[in-house]
Amino acid sequence: MSETVIAIEGLEKAYAGGTRALKGVDLTIDKGEIFALLGPNGAGKTTLISIVCGIVTKTGGSVAVFGHDIEGDYRAARTRIGLVPQELTTDAFETVWDTVAFSRGLFGKPRDDAYLEQLLKRLTLWDKRKARMMELSGGMKRRVMIAKALSHQPDILFLDEPTAGVDVELRRDMWELVRKLQADGTTIILTTHYIEEAEEMADRVGVIANGELVALGRKDELMAQLGRRTFKLFLDQPMTSLPDGLSDWSLRLDDDGATLCYDFDSHAAETGIPQLMRKLDELGIAWRDLTTRQSSLEDIFVSLVHQGDRS
Amino acid sequence: MNPRGVGAIYRFEMARWRRTLWQSLVAPVITTALYFLVFGSAIGSRMSDMAGIDFGSFIVPGLILLSVLTQSIANASFGIYFPKFTGTIYEILSAPLSPIETVTAYVGAAVTKSVILALVTLVTATLFVDVTVDHPLLMVLFLVLISVGFCLLGFFIGLLANSFEQLQFIPLLVVTPLTFLGGIFYSVAALAEPWRTVTLANPIVYLVSGYRWTFYSVEDVPLWTSLLAMGLAIAVPLAAIAWIFRTGKRLKQ
């Protein structure tokens with residue numbers, strides 16, 4: 001049984017304007033995992049992160065970090081957390097070294113030049129340590145934000161949309177760093193719009209829409225649970241319409257009638273594929289190739305968010 | 001307790017001050033020196049004594065306070081408003097710091113700047129006019145108390161402000177006029193009625209009177225009322241800041 005590092009129960013947030021950003025979210029994060037929070041803009045991802053980090057005040061529910069209540073025992077809770085916010089907000093006139101050293105002090109840690117040196121080197125910032133923030137490129141600033149968040153050696157790292165507007169190289173470096181941090185025992189919670197990243201990086205995924213957690217599970221489980229497969233047959237002769245004999249299956253024609261598509265639940269006891277194949281044979285419909293495709297996290301995500309919209 | 005966190009903010013604020021030393025120290029000292037030059041050396045000799053003190057010397061404590069009050073508000077309000085404006089406040093809010101520690105760090109740095117400014121201005125004044133300080137320890141104590149009060153006020157303004165314009169509003173339209181009319185250039189006793197009574201409604205009068213007493217042992221109002229005014233100048237903004245932190249207004253959503 002893995003240790004719970006964050007326990008969120010019935011978390012509610014209603015902003016002064018009346019917007020209910022979070023509507024009773026329950027979520028636990030386990031030690032050492034990479035957890036991805038997916039959701040469209042305005043779903044409540046940043047609000048959730050901000051509440052755990054102490055930037056936004058919750059209006060209901062409870063959050064505990066390593067068993068410390070984030071309000072009653074905020075010092076113990078916050079010391080364990082590092083946050084890389086979405087926006088690149090930095091002190092323009094400060095040097096890289098000073099701003100990272102400042103963050104470490106702010107979180108109550110004694111000065112440790114050797115650690116900071118190692119951290120800056122790891123983020124390829126060492127050569128820039130004397131540069132002022134205003135002299136840095138966007139990608140470099142992002143690295144500094146990560147260095148600031150890691151300056152006090154947190155056990156939990158929040159990355160809010162870490163790869164928004166980041167070039168390929170930095171993105172690759174960042175994921176490499178995240179994996180190393182995980183190997184060192186750090187728990188990582190990230191939000192991202194790049195679903196393929198969540199798919200590639202995360203151990204578990206939570207999908208948030210309209211302030212509610214609509215799906216939660218191990219990435220592979222979630223995909224198995226919700227995943228649909230699409231079966232495609234590339235026909236010899238294009239068809240203008242579906243023959244009557246095929247009405248038992250929910251089929252559709254694609255590519256001007258050249259492709260026959262069949263969406264099915266990959267976990268159903270009966271997929272209906274063998275029967276479909278026999279029927280096609282009976283009807284004398286010839287085909288030359290076939291594919292099946294597992295729906296991606298993105299497809300799952302879109303369908304969940306739309307379900308949320310309808311309800 | 002997180003003394004390292006307090007120290008980090010304090011050092012950050014002092015570093016910001018050193019980077020802008022021309023604006024934050026040299027410029028106000030020069031401005032005040034111009035007053036000493038004009039009202040002290042140039043036309044002060046033609047003015048009659050004020051409360052038995054040479055006019056040029058009489059205006060020194062009040063002018064130091066004018067500079068201290070405006071700079072205290074400016075420094076403290078900017079110190080907390082700027083992170084709100086740029087967004088770097090996220091780090092302060094997410095740090096393991098109590099509200100008292102946050103206020104101590106920002107206000108402590110602003111008070112340090114104000115006290116340094118006052119002492120540099122005082123030394124500069126001695127170049128132009130004769131200055132004596134009858135009660136040096138109390139002079140420093142009163143200076144610190146008044147600085148704490150106005151730095152707290154500045155911090156409160158910075159918490160509340162939503163724009164740079166709002167940041168300037170109270171210092172320019174309230175504090176500077178009240179200070180000018182607060183008995184810097186004249187003794188309250190020199191005013192005719194009803195202005196003598198009206199002036200007593202101005203809280204700055206009590207601060208200037210008390211501070212001038214530490215220099216020349218003369219007072220416009222009883223010393224205890226000056227001490228009361230200093231106490232209120234600290235208590236009122238402190239209560240307002242406590243209210244903001246309790247409600248989270250303007251700082252957290």
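Analyst: Helices (H or I, at least four residues) and strands (E, at least two) are DSSP runs, numbered from the N terminus. By that naming, A:Thr124 sits in the loop between H4 and H5 of chain A, and its phi is near 45 degrees, a positive value in a residue other than glycine. This is a predicted model, in which local features need pLDDT of at least 70 and side-chain atom pairs count only at pLDDT 80 or more, while totals for chains, interfaces and linings use all residues. Residues are numbered from 1 along each chain as its sequence is written, chains are lettered from A and ligands numbered from 1 in the order in which they are written, and side-chain values use heavy atoms, with hydrogens and water left out.

User: Why is the meeting of B:Glu101 and A:Arg75 called a salt bridge?

Analyst: Their side chains come to 2.8 Å, N to O, and a salt bridge asks for a side-chain nitrogen of Lys or Arg within 4 Å of a carboxyl oxygen of Asp or Glu, so the pair qualifies.

User: How do you know which residues of chain A and chain B belong to their contact?

Analyst: Contact means heavy atoms within 4.5 Å, and the contact takes 28 residues from chain A and 24 residues from chain B. The area buried between the two chains (accessible area, 1.4 Å probe, lost on being put together and summed over both) is about 2500 Å², with carbon and sulfur atoms giving 57%. In chain A, A:Arg75, A:Phe102 and A:Leu106 lose the most area to chain B, together 26% of what that side buries.

User: What makes the crossing of H1(B) and H5(B) right-handed?

Analyst: A crossing is right-handed if the near helix is turned clockwise from the far one by less than a right angle, and left-handed if anticlockwise; H1(B) passes H5(B) in the right-handed sense. Helix H1 (residues 3-19) and helix H5 (residues 99-125) of chain B pack at about 35 degrees with axes 8 Å apart, the axes being lines fitted to C-alpha atoms over the stretch in contact and angles running from 0 to 180 degrees between N-to-C directions.

User: Which peptide bond of chain B is cis?

Analyst: The bond from B:Glu193 to B:Pro194 is cis, with omega near 5 degrees, and B:Pro194 lies in the loop between helix H7 (164-180) and helix H8 (195-199) of chain B.
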